[in-house]
Amino acid sequence: MVSSKILAFASAASLALGSPVPVPVPAGFQLSVRDDRPYNMSLPNVTIFATGGTIAGSASSSDQTTGYRAGALGVEILIDAVPQLWNVSNVRGVQVANVGSPSMTPEILLNLTQQIQAELDSPYCQGVVVTHGTDTLEESSFFVDLTIRSEKPVVFVGAMRPATAISADGPINLLEAVTLAADPDARGRGTMIVLNDRISNAFFTTKSNANSLDTFRSAEQGFLGFFINIKPKFYFAPALPRGKPYFDVTGATSLPEVDILFGHQALNPTLAKAAVESGAKGLVLAGMGAGGWTSAGGQVIQEVVENNGTAVVYSRRSMDGYVAPRGSVGYGGGFLNPQKARIMLQLALHAGYESAQMRTVFEFDA
């Protein structure tokens, strides 16, 4: 049996976006944004920046958990679907984008982080939540973690099931994320990720499973905390990752192009040169083992570094591990996976970092 709230989600998506969603809606049922929202001066103020994703997704049936439309519902509908939010904070929604997370761009990320910084700078805001698709949530949260300067909590949240699914995980995830952002104990911990009752650090966490609810993990570094009855319980005192840099992107509207090349047996060495010729200012190598690359491929990498001044970061294709410094040709990515190393390299190039500064960012513990 499909609940009325789930039906409302699907109906609203169809009406608002003009894309038919064949889900039955009870006769006479209408969904609208509430205009009688309460305000409690004793509660903290939390702003929700919405970007789309599965948490705002809609499917044609309640048992469909793949092939649905991501980013079908607006932030106001998500807020109204969880009235318990008003018990923990005064929430305000801002629609930054409404896309599946593979469609996130540097322009959207820059706009998002600049809006978040402005909001956190306000004395009337106690914390921020970002709703986001899970496919690239680790990249966006890492980007924001490196470009925000504030002790106030920033929490990314998503869902693995669309809003129309049986036992959709979005509503409870959103409630927990807002509760965390409103909690004074969440200050000073950097950008965090909330899904499936777990609190993770955006710097190290990655999506480990394409389908499972319990997908976001940092296998070596662990979780920051857990939720019990929607209340956050932290394992540790506030702390930040060693060597985490800050990049000021105030006023920035674009970032240098950085491509990722995947290492494998008999890889095509010329792909590195092709990427540079098509406009890449930097390359991240998802290497074999601890950043290994083929001999023929290594020769081309040396050529693009020497002839084009291309910045190259060596990472690894395996789930976890450490890539050591690489000498004169490229930088070791340390504990960063390829997608996070790409974000870091984009920001470092945008900041105009030369070789010595690059090493302080990627090889700070060498």
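**Exercise 1.** Determine which ring Arg189 lies over in this predicted model.

*Solution.* Arg189 lies over the face of Phe234, at 3.6 Å from the ring centre, where a charge counts as sitting over a ring if NZ of Lys or CZ of Arg is within 6 Å of the ring centre and within 35 degrees of the ring normal. Arg326 lies over the face of Tyr314, at 4.3 Å from the ring centre.

The model is predicted, with local features needing pLDDT of at least 70 and side-chain atom pairs counting only at pLDDT 80 or more, while totals for chains, interfaces and linings use all residues. Residues are numbered from 1 along each chain as its sequence is written, and side-chain values use heavy atoms, with hydrogens and water left out.

**Exercise 2.** Classify the pair formed by the rings of Tyr331 and Phe362.

*Solution.* Rings of Phe, Tyr and Trp (its six-membered ring) pair if their centres lie within 6.5 Å, and planes under 30 degrees apart count as stacked, over 60 as edge-to-face and the rest as tilted. The structure holds six aromatic pairs. In the pair of Tyr331 and Phe362 the centres are 6.4 Å apart and the planes stand at 15°, so this pair is stacked. Because Tyr331 lies in strand β14 (residues 331-332) and Phe362 in helix α9 (residues 355-362), the pair ties together parts that are 31 residues apart in sequence; helices (H or I, at least four residues) and strands (E, at least two) are DSSP runs, numbered from the N terminus. Both Tyr331 and Phe362 are buried, meaning under 20% relative accessible area with a 1.4 Å probe and protein chains only.

Methods. Buried means under 20% relative accessible area, exposed over 50%, partly exposed in between (1.4 Å probe, protein chains only).
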